Amino acid sequence: MRESQMKKIIALAVASAFVAPAFAAEVTLSGSQEFGYKDVNGVTTSDMDGTVVVSASTETANGIAVTAKINLSGEGANDGGSGITMAGPFGTLALGDAPSAADAFDVAEYSKLVGIASLAAPDAAISWTLPATVEGLTVLVTNGADNNNASSGENHTGVGVKYATGPVSVAYAKNDNEDDTTITVVAASLTMAGITVNAEQSEDGTSGATTEKSIFGAKYTMGDVTIYGQNQSEENTSGVKTADVTAVGLHYDLGGGVTAFFETSSDDKNAALDSTGVGVVVAF
């Protein structure tokens with residue numbers, strides 16, 4: 001064997017030694033791209049909303065399952081983004097941008113164009129889902145660092161409990177923030193014969209200065225078609241309703257990860273925000 005060939009083989013072996021660890025993890029790529037076109041009180045707008053997530057899963061020598069997730073779009077500031085999860089006999093530990101307790105059991109969001117969301121609770125830096133001791137019972141505790149809540153610069157500790165049995169699930173969660181405010185969430189859902197109904201009540205603030213939000217939604221799926229309706233309302237400390245938004249729409253599954261949708265919405269507190277629109281989502 002010539003010297004030049006030997007050098008190439010040695011160089012290849014050295015390079016392989018550094019590359020090999022990368023193949024120890026199973027890497028997946030997922031995400032979606034959404035286009036929406038809507039008319040809001042005579043003004044038309046178009047929006048593109050996409051996300052790409054890279055996940056790598058592996059297992060340690062002692063059997064702990066580890067997954068690293070990189071959200072390239074940067075989305076998920078209030079419901080989890082990039083991070084690392086470790087699962088084993090101790091339960092599941094999420095590190096990075098994990099949903100806080102008050103955000104972990106949010107009801108489903110059907111609306112595509114209005115963006116109905118019950119609560120914008122901050123992310124947690126650490127979320128620990130305890131080992132299951134009772135079938136259907138999920139218990140988690142969370143902690144957020146100061147930079148997880150950019151709006152107030154305050155961290156939190158949170159506790160959440162969810163119980164699911166058959167078609168019914170109920171949940172309760174609370175964040176205690178460093179600035180003495182709290183976020184409390186109560187949620188419930190029912191799924192049966194293609195119909196899903198859910199409701200959520202949340203309260204954010206301090207005693208005597210709170211904001212209450214309520215969300216109620218229902219959807220019915222028949223084959224490739226899903227029809228839905230959802231309402232969100234908000235009240236201030238004085239009991240005055242400051243928001244009352246209702247969205248009704250239809251999703252049509254075209255297959256291959258492609259979904260077309262139509263939606264119309266009305267805001268009883270601000271008719272100028274009434275909208276109608278169409279769009280398409282490609283998930284991969």
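**Figure 1. Salt bridges of the predicted model.** In this predicted model, the count of salt bridges comes to three.

**Figure 2. The salt bridge between D176 and K174.** The side chains of D176 and K174 meet at a distance of 4.0 Å, taken from N to O. D176 has a relative accessibility of 36% and therefore counts as partly exposed. K174, at 31%, is likewise partly exposed.

**Figure 3. The salt bridge between E234 and K213.** The side chain of E234 meets that of K213 in a salt bridge of 3.9 Å, N to O. This pair links distant parts of the chain, as E234 belongs to strand β13 (residues 225–235) and K213 to strand β12 (residues 209–222), with the two residues 21 residues apart. E234 has a relative accessible area of 21% and is partly exposed.

**Figure 4. The salt bridge between K241 and D244.** A distance of 3.9 Å, N to O, separates the side chains of K241 and D244 in this salt bridge. K241 is partly exposed, its relative accessible area being 33%. D244 has a relative accessibility of 13% and counts as buried, because the term applies to values under 20%.

**Figure 5. Strand β7 and its pairing with β6 and β8.** Strand β6 (residues 123–129) runs antiparallel to strand β7 (residues 137–144), and four bridges join them. Within this pairing, I126 has N143 of β7 as its bridge partner. Strand β7 also pairs with strand β8 (residues 156–165), again in the antiparallel sense, over eight bridges. In β8, K162 stands opposite T138.

Terms used:
Residues numbered from 1 in each chain as written. Predicted model: local features only at pLDDT ≥ 70, side-chain atom pairs only at ≥ 80, totals over all residues. Heavy atoms only, no water. Pairing = 2+ DSSP bridges. Buried < 20%, exposed > 50% of the residue type's maximum accessible area, 1.4 Å probe, protein only.
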